[in-house]
Every structure is written in C-alpha cells, then in structure tokens.
Amino acid sequence: MIRRLMSRGKRQPHARLCEFPVELLESRQLLSGSVMSPFDTSASPVAAVSIDATAGKRFKDVVATWTNPGGLPTKASGTAAVAIVNWGDGKSTHAKLLDDGSGVIQIVGTHTWAKPGTFQTSVSVEEFPKGHPRQITDIGQGAGAAVVAPKPHNVSLKGTLSGTYTTPITNPDARSYDFTGTGSAGALGAVSVDGSISPPGFIKSAPATGEFTLTGADGTVTFDVKGHNQAGGSPLPEKLAYTVTGGTGAFANAGGKGTISVALDTTANTFVIVIH
C-alpha cells in the first residue's frame with residue numbers, strides 16, 4: 001500500500017508535496033520503522049481479522065493487528081497515531097491501540113450492528129504530528145469481514161429429563177457428574193441428553209458449573225448451568241440457573257434462560273432433571 005502525506009480535507013496535488021519542509025520528510029520516521037516516502041509500496045503492516053458478532057448485541061474485541069517493532073509513539077516523540085474502523089454498515093469509529101511491547105499492536109473496536117449479514121470491514125492506522133491532525137501519514141490498512149448472526153430467539157425448554165449418571169472422579173470432594181438420558185424439552189419435543197456438572201471441589205468457595213446438550217429430531221440446543229457459591233467439597237446443588245448458548249438445525253439461533261432442578265438417586269445412580 002502506498003503511504004502518503006495528505007490533508008484530512010481536500011487531497012493535495014502531488015506537485016505540491018515539495019511545499020513541505022525537506023527536513024520533515026528526511027527526519028520523520030513512520031511507526032512501521034521506515035522513513036516516510038510517498039513512493040513506499042511495501043505491504044501494509046495492518047491486518048484485519050475475521051469478526052463474529054450478533055445483531056443488536058454490542059461487539060468489543062480485536063478487529064486488527066498492527067505489526068510495528070518500534071511500538072506506539074511516546075509522548076516525547078511529538079507524534080500521535082489513530083486507528084479507524086469502517087464497520088461495513090455505513091459507520092466508522094476510532095479504535096483503541098493496545099501495545100504490549102511484543103511488536104504486534106492489538107487494535108480493539110466496539111460496535112453494534114442493527115441487522116444480521118456479512119459486512120466488509122476495513123481498519124486503517126494513521127500518524128500525524130500532535131497539534132496538526134490534518135497532516136496525515138497513512139501507515140497501513142487491512143480489509144476483513146464481519147459475520148453478524150441474527151438476534152437469538154428464546155426457545156422453550158420446559159420439560160423433564162431422566163437417565164443415569166457416572167462420577168468419573170472417585171474422590172467425593174472433587175467429584176464431577178456426567179449425565180446421559182432422554183426426556184422431553186419444550187420446542188424440541190422428545191430429546192436425548194448429554195451433560196455434566198462439577199461442584200467446586202477443593203476450591204475454597206465457588207459455584208457448581210456445567211453444560212448440557214439436548215438433541216431432538218430438528219436440531220440441538222446447548223446450555224450452560226451455574227449454581228450458587230458453595231464451600232469446597234459441597235454436594236451437587238439441587239437447583240441451578242441455565243443460559244442457552246447456541247443450537248443447530250431449527251434451533252441454530254436459540255436463546256433463553258431459566259432454572260433446572262436436579263434429583264439424584266445415589267443408590268441406583270439415576271437422575272431426574274426438571275427444566276423450568
């Protein structure tokens with residue numbers, strides 16, 4: 001990509017580049033480490049990344065990287081750098097530049113797409129002397145894409161599941177529970193269930209956590225479960241909250257939350273789970 005010195009407003013003709021002081025062109029260093037030149041055709045040091053987001057939900061994450069062994073300009077350098085993201089939906093915003101000293105600067109952007117779809121994005125990095133924001137040097141630009149999924153729709157999972165469970169870890173203070181069974185679950189109808197829940201074990205205090213997948217004729221729904229804080233070594237809680245994290249088939253855009261009740265028969269190693 002050609003790096004160029006230009007005005008933020010009307011582009012200056014090439015013939016007028018000679019109006020800038022020669023000392024500025026000779027002494028000023030690009031953040032990429034090379035002397036600024038309007039004829040520099042080296043590859044862009046800015047590379048955009050693929051983005052996965054959900055319509056109507058705030059996205060905040062790395063949108064690009066900027067390879068620059070020299071790092072961000074210091075306060076004493078008299079130079080400032082900015083990153084600008086074009087989100088592909090007609091909107092552009094500034095992004096944050098995060099330098100951890102590794103030579104690769106993370107560019108973090110924040111945006112919300114109103115509608116689902118695939119959007120072509122671009123991320124550019126520019127440099128200018130502090131106090132002179134119209135004297136822009138293009139450091140580089142990267143092109144990427146954002147795949148924005150539709151807003152999740154709530155799926156009813158109300159029903160009852162039953163089956164058997166195992167505890168692969170034999171130590172009762174660090175036991176996990178693996179569940180396999182069948183039942184019915186709201187919009188999915190008849191389902192098979194696979195999942196697990198782990199109490200806090202040896203941790204001083206923590207909630208029980210787990211994940212379940214329900215498989216029906218038209219697709220699957222996966223949800224996470226979480227209990228209240230418990231002391232280490234506590235038994236499996238009888239009630240946990242669940243949050244749907246995704247699905248497949250007819251439930252590819254599933255969402256929702258609620259609670260489950262868990263009853264164990266420790267003699268027969270069977271369970272009954274009620275989804276509320």
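This is a predicted model: local features need pLDDT of at least 70, side-chain atom pairs count only at pLDDT 80 or more; totals for chains, interfaces and linings use all residues.

Accessible areas here come from the Shrake-Rupley method with a 1.4 Å probe. The chain exposes about 14500 Å². Carbon and sulfur atoms supply 55% of that area.

Next I checked burial. The chain has 276 residues, and 40% of them are buried. I then turned to the contacts with a separation of 6 or more. Of these, 56% join residues 24 or more positions apart.

Then I went to the second largest pocket. I noted about 240 Å³ of space in it. Its lining counts 13 residues. Nearest its centre lie Thr54, Pro152, Val244, Thr245 and Ala254. Which strand gives the most to this lining? It is β16, with four residues. β16 spans 239-247, and both it and β17 (254-255) supply at least two lining residues each. By class, I logged six nonpolar, six polar and one charged residues in the lining.

Last, I looked at Asn229. I placed this residue in strand β15, which covers residues 219-231. Is Asn229 buried or exposed? Asn229 counts as exposed because its relative accessibility is 55%, and exposed means over 50%. I also listed what Asn229 touches, leaving out residues up to four places away in sequence: Ser205, Ala206 and Pro207. For Ser205 I took the spacing as well. Asn229 and Ser205 are 24 residues apart in sequence, with 6.2 Å between their C-alpha atoms.

Terms used. Residues are numbered from 1 along each chain as its sequence is written. Side-chain values use heavy atoms; hydrogens and water are left out. Buried means under 20% relative accessible area, exposed over 50%, partly exposed in between (1.4 Å probe, protein chains only). Contact means heavy atoms within 4.5 Å. On a 1 Å grid over the protein atoms alone, a cavity is a set of points where a 1.4 Å probe fits but cannot get out, and a pocket is an open set with protein on both sides within 12 Å along at least five of seven lines; lining residues have an atom within 4 Å of a point. Grid points are joined across faces, edges and corners, and a volume is the space filled by probe spheres set on the points. Ala, Val, Leu, Ile, Met, Phe, Trp, Tyr, Cys and Pro count as nonpolar, Asp, Glu, Lys and Arg as charged, and the others, Gly among them, as polar.
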